Amino acid sequence: MFKRKIYQDLLKWKKESNGNSALLIEGARRIGKTTVAEELGKNEYPDFFTIDFSIVSEDFKKNFDNLLSVDDFFSKLFLDLGIHHLPVGSLIIFDEIQFCPKARQAIKRLVADGRYHYIETGSLVSIKENTSNILIPSEEETIQMYPMDYEEFLWAIGAEHEAALLKECFNNRKPFDQKYHQSFLRNFRLYLALGGMPKVLLEYLVNHDFYDAEKEKKRIINLYEDDLRKIDNKYGTICYMVWKQIPNMLSNHSTRFIVSSVDQRADSVLFKNTLNKLEESKIVIPVFKCNDPSGGFALTKDETMFKLYFCDIGLFVSMVYASNKNDTRDIYQKIVLDKLSLNLGMLFENYTAQALSSNGFETYYYSWNDKEDEKNKNYEIDFLINLNGKTTPLEIKSKKVSSLSSLNKFKMKFGKNVGEKYIVKPKPLSYGDNLINLPSYMLFALK
């Protein structure tokens with residue numbers, strides 16, 4: 001298993017909870033939720049067992065209908081599972097919990113019993129749907145999991161020293177020797193090409209073949225799209241069509257999703273339901289416009305103006321740049337060697353959205369018009385975050401920086417509320433005039 005940051009959070013939960021609460025791990029499919037839970041079971045518990053509710057029988061699920069006697073419940077449960085017993089203090093993992101809502105409701109009684117610890121994983125869309133007729137246990141904590149970020153990627157390819165150096169340089173505001181920059185960029189471009197899905201990286205590391213990695217990415221994309229079609233069939237939404245339009249939206253720098261271009265029957269209610277389901281699926285990252293960055297972002301959130309990004313940069317590359325399987329190896333080589341001449345702005349924007357979300361930031365963007373020389377001029381800040389109590393603007397560039405006008409105008413407009421300004425681009429680290437030129441590969445250190 002690859003080293004994951006969330007493992008430390010699971011350790012913290014185990015220590016602080018001491019069995020008095022269960023933990024629900026939320027996140028998109030195929031990001032490693034079950035794997036990290038099982039790793040915790042192997043390393044930190046006397047024993048563990050995973051119950052995958054997507055494959056057990058309906059008769060097995062009936063075990064959770066009646067927990068009047070917990071001793072009888074476990075006797076029958078272990079008999080059905082074909083195991084003799086689990087030592088007291090072991091971990092039980094309820095995988096794909098959405099397929100057995102009664103198991104989630106049983107958490108209250110099982111936690112009170114105290115003999116085992118419990119972790120749940122599953123699809124958030126189905127989890128929410130299947131809770132209407134059950135009592136949600138107050139003894140349940142939740143934690144968000146994401147695809148592997150760039151630091152985790154560096155750990156996985158054996159470049160822990162590089163990750164540590166980049167973090168040290170950022171934290172100490174110490175620009176590194178520029179002779180290392182190209183080396184740092186090579187690993188970063190490899191991450192852009194592969195992304196953070198564990199199985200995709202594993203496939204690549206076996207033979208160092210981009211085509212093997214691409215086949216796994218296509219399997220994940222097909223799985224996601226099948227899930228979206230099922231959501232649409234069940235809820236009457238248009239999740240699949242919106243998902244397919246995300247690359248066009250980013251390519252055209254659209255800040256408002258034109259629903260009529262997606263589906264003639266689309267209206268505000270339908271689209272709001274669609275966006276809610278996409279958010280619950282965790283396979284997209286929505287970034288909304290903030291109408292007044294001087295206060296709390298959420299207070300002036302404009303739900304009609306937003307951008308959508310893919311949860312994983314590798315899946316984005318596969319959908320946008322490597323759609324023709326005959327060109328797969330060539331496209332990936334061009335990305336790694338920085339020879340891809342197509343629109344890279346949206347690639348770096350999507351990477352930034354993913355990195356900021358993984359770091360726990362709630363991201364927004366801001367755009368406005370100013371009249372100059374009797375003409376209206378449009379300005380936009382790609383991302384806004386709250387950092388150390390200050391409004392922090394980030395501009396994303398894939399190549400050279402042509403203008404700082406948006407950042408400068410933004411600082412003039414909101415003054416003392418604005419903290420340091422960031423330009424995130426594939427260039428070496430530098431500082432000046434309350435402006436940080438942050439290499440894209442150091443973004444993981446921004447917290």
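**Notebook: strand pairing, a helix contact and nonpolar cores**

I began with strand S9 (residues 375-387) and found five bridges joining S9 to strand S10 (residues 390-396), the two running antiparallel. I note that the model is a predicted one. Within this pairing, I looked up Leu-384 and found Pro-393 in S10 as its bridge partner. I then examined the connection: S9 and S10 form a hairpin with two residues between them. In the turn, Asn-388 has a positive phi of about 55°.

I next turned to the pairing of S9 with strand S8 (residues 364-372), which is antiparallel and comprises eight bridges. Here I recorded Lys-371 opposite Asn-376 in S9.

I then looked up the packing of helix H10 (residues 181-194) against helix H15 (residues 313-320) and noted an angle of about 65°, with the axes 5 Å apart. H10 is therefore roughly perpendicular to H15. On the H10 side I listed Tyr-191, Leu-192, Ala-193 and Leu-194, which meet Ile-313, Gly-314 and Val-317 in H15. I classed the residues of this contact as six nonpolar, one polar and no charged.

Finally, I inspected the nonpolar cores. The largest has 123 residues, of which Ile-25 and Leu-446 touch the most other members. H10 gives the most to this core, with eight residues. Leaving aside residues up to four places away in sequence, I found Leu-446 touching Phe-170, Leu-356, Asn-359, Phe-361, Ile-385, Leu-387, Leu-394 and Tyr-422.

Terms used. Residues are numbered from 1 along each chain as its sequence is written. This is a predicted model: local features need pLDDT of at least 70, side-chain atom pairs count only at pLDDT 80 or more; totals for chains, interfaces and linings use all residues. Side-chain values use heavy atoms; hydrogens and water are left out. Two strands pair if DSSP finds at least two bridges between them. Helices (H or I, at least four residues) and strands (E, at least two) are DSSP runs, numbered from the N terminus. Axes are lines fitted to C-alpha atoms, for helices over the stretch in contact, and angles run from 0 to 180 degrees between N-to-C directions. Angles under 35 degrees count as roughly parallel, over 145 as roughly antiparallel, 65 to 115 as roughly perpendicular and the rest as oblique. Contact means heavy atoms within 4.5 Å. Ala, Val, Leu, Ile, Met, Phe, Trp, Tyr, Cys and Pro count as nonpolar, Asp, Glu, Lys and Arg as charged, and the others, Gly among them, as polar. A nonpolar core is a set of buried Ala, Val, Leu, Ile, Met, Phe, Trp, Tyr and Cys residues joined through side-chain atoms within 4.5 Å. Buried means under 20% relative accessible area, exposed over 50%, partly exposed in between (1.4 Å probe, protein chains only).
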